[in-house]
Amino acid sequence: MVQTVMTIAAEDEMPVGKRRSSLIRSPQFSSLVILIVLLAVFAIADRNFLSPLNISNMMAFLPELGIIALGMTLLLTAGEFDLSVGAVFGLAPVVVMLLVQNGGWAIGIALLAGLVLCIAIGAINGLIVTKIGISSFLVTLSILLVVRGAALYITQGFPLKSWDQPGFFVTLLAGSFNIGAFRFYTSLWWFIGLSLLAVYVLRYAKLGNWISAIGSNRSAAVARGVPADAVKIWLFILTSVLAGLAGMISAFRISAASPVAGTGYELEVIAMVVVGGTALTGGRGTILGTIVGALMLRAIRNGIVLVGVPGLAYNIFVGVIILAMLILHALLQKNAARS
Amino acid sequence: MMQEVLRLQNLQKSFGSVCALKNASLTLKEGEVVALLGDNGAGKSTLIKAISGFFPIDRGDIYVRGEKVSIRSTREAMDLGIETIHQDTSLAPDLSIARNLFLGREPVNLKWLGVFAPLDLAKLRDAASALLKRVGISKKLDADALISTLSGGERQSIAISRAMQFAARVIILDEPTNNLGVEETHGVLRFVKEMREAGHSVLLITHNIHHVFEVADRIVVMRRGEIVAEQTVADTDLLTVESLITGADLSSLMKRAL
Ligand SMILES: Nc1ncnc2c1ncn2[C@@H]1O[C@H](COP(=O)(O)OP(=O)(O)OP(=O)(O)O)[C@@H](O)[C@H]1O
Ligand SMILES: [Mg+2]
């Protein structure tokens, strides 16, 4: 009996020999190979690509989209997605800063209010999708417009100066430290910690089994007593909160909160997730793949600039590389299904 | 006298203007196999979905062991001991056989972690293998194989072994022999008999009247959302049942049924 399409969910339950052969065929493995090839190509094309400064640079940006991608992976595995993450990324810090600067709120309380706001947005997405039964594409697209519009309206379109006094929260979200010649931000710890949690939940926890089952066949999961709607609502909330967290991290790091921050992030995040091997149709999700996908998109964006692709042609390359990745996945899966 | 396990009284259910269930009443006793018959769209699946908590009923009462219950979710139905194998096979194709067998009732360590509790993977695999062996399909199937790699008949067998696993009071099978080969079909019928011998009650929906005569004790016929006839298998024959289902010669049949 040949294990065909690999999923993270099934991987731990296999005997070692079989595990090895299906690992090589798994989508996250092919993504990893492509990532290594990409890194090698960029490193050869430009020596500065692997310089401590450039690596530090990539690592500074990586967690911000990567954190959102973790939530998006779980949501996609459950069969839904969220287009409002980029807008939430922009709105959360803007609201927090307005409360601090115009409302005179303490930063801690304002951050708490930002958290509540993200929970509310996620809950609205989740409730409309599950209880009214409108597709998440339409719901979160509308919410994207509402949230982005709100950010623009309350700031009148002007960026705000962010909180730049050193203190507990800035250190917590955007502090930095040096390891040798490398400079890392605390956000990297957030990303690593949240990644480990997400791997645990999706692979080993009861909840992960439910998430995959819901995305794979919702009515089957419901028939077994899995609270599908509740799980989806919580995943929408989680994704929104992670988007808000990423927005705060970014705003603290650059000491500015812009109402247009995060524009287009939703598509980039979804690209990271699917390039990593998570199925857009639900049921099959891989956090390790998403991490590889996040690294890959970061490396592409960074490497392309270093290699000297003209700025205006840059998105062409990003799009083509993503498409090539997806085609490769599809071909690998077809192959696997045939064997 | 055998004890009553499940009693439905005047169940009603409409989908918009479609009245899928009107005044359906039915009793199921311990160790009894009841066949629920009726043409396409008669309301059979709707009736069993109401019992298994898929959707709320508009009106009517459900009694389990003489006690009135309200079944608001599939979980509540399962907790009452009602296991259902639905017509559209209720398995998640992207999950392994083992994970499907225990979906919703996963063995976990550190139970206090709730939904975040880690699965007991060793127990999951062992129990799944043991179960597959019991159903007699362990030779062909590996507990770690994904459902998407199985044939329709194999999937049906998995769904049935899952109902066996949790050996419920009431087992509901909605057209379980659909798409099955000869051998698998006999497996299902054998399973129904085994369940009866073990004292479980079985509600069997099927379009195959021969199967009915092979395993059922009693038949209940539905037409347009209503239960139009109820007979013990010993007191009837194939032709009568067939005409009951199609509703040919309605007036004389109604008299006989009453
Ligand atoms: N979710 C639904 N929404 C609207 N109408 C429905 C729904 N489910 C069932 N119906 C309608 O209710 C009636 C009974 O359907 P049901 O599925 O119970 O039939 P059935 O007896 O199981 O038929 P079959 O033998 O074909 O499986 C049909 O007319 C069907 O169109
Ligand atoms: Mg039916």
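A crossing is left-handed if the near helix is turned anticlockwise from the far one by less than a right angle, and right-handed if clockwise. This is a predicted model, with local features needing pLDDT of at least 70 and side-chain atom pairs pLDDT 80 or more, while totals for chains, interfaces and linings use all residues. Residues count from 1 along each chain as written, chains are lettered from A in written order, and side-chain values use heavy atoms, without hydrogens or water.

Stop 1: Select residues 52-77 and 287-307 of chain A, helices H4 and H14. (Helices are DSSP runs of H or I, at least four residues, numbered from the N terminus.) Their crossing is right-handed. They pack at about 140°, axes 9 Å apart. (Axes are lines fitted to C-alpha atoms over the stretch in contact; angles run from 0 to 180 degrees between N-to-C directions.)

Now show the contact (heavy atoms within 4.5 Å). Phe61(A) and Leu65(A) are among the H4(A) residues, Ala294(A) and Arg298(A) among those of H14(A).

**Stop 2: H5 and H6.** Select residues 85-101 and 107-132 of chain A. H5(A) and H6(A) pack at about 145°, axes 9 Å apart. This crossing is right-handed. Leu91(A) and Val95(A) are among the H5(A) residues that meet H6(A), whose side includes Gly114(A) and Leu117(A).

**Stop 3: the chain interface.** Display chains A and B. The contact takes 40 residues from chain B and 36 from chain A. Zoom in on Asp94(B): it forms a salt bridge with Arg284(A), closest N and O atoms 3.2 Å apart. (The rule: a side-chain nitrogen of Lys or Arg within 4 Å of a carboxyl oxygen of Asp or Glu.) Two salt bridges are found across this interface.

Methods
Helix = DSSP H or I, 4+ residues; strand = E, 2+ residues; numbered from the N terminus.
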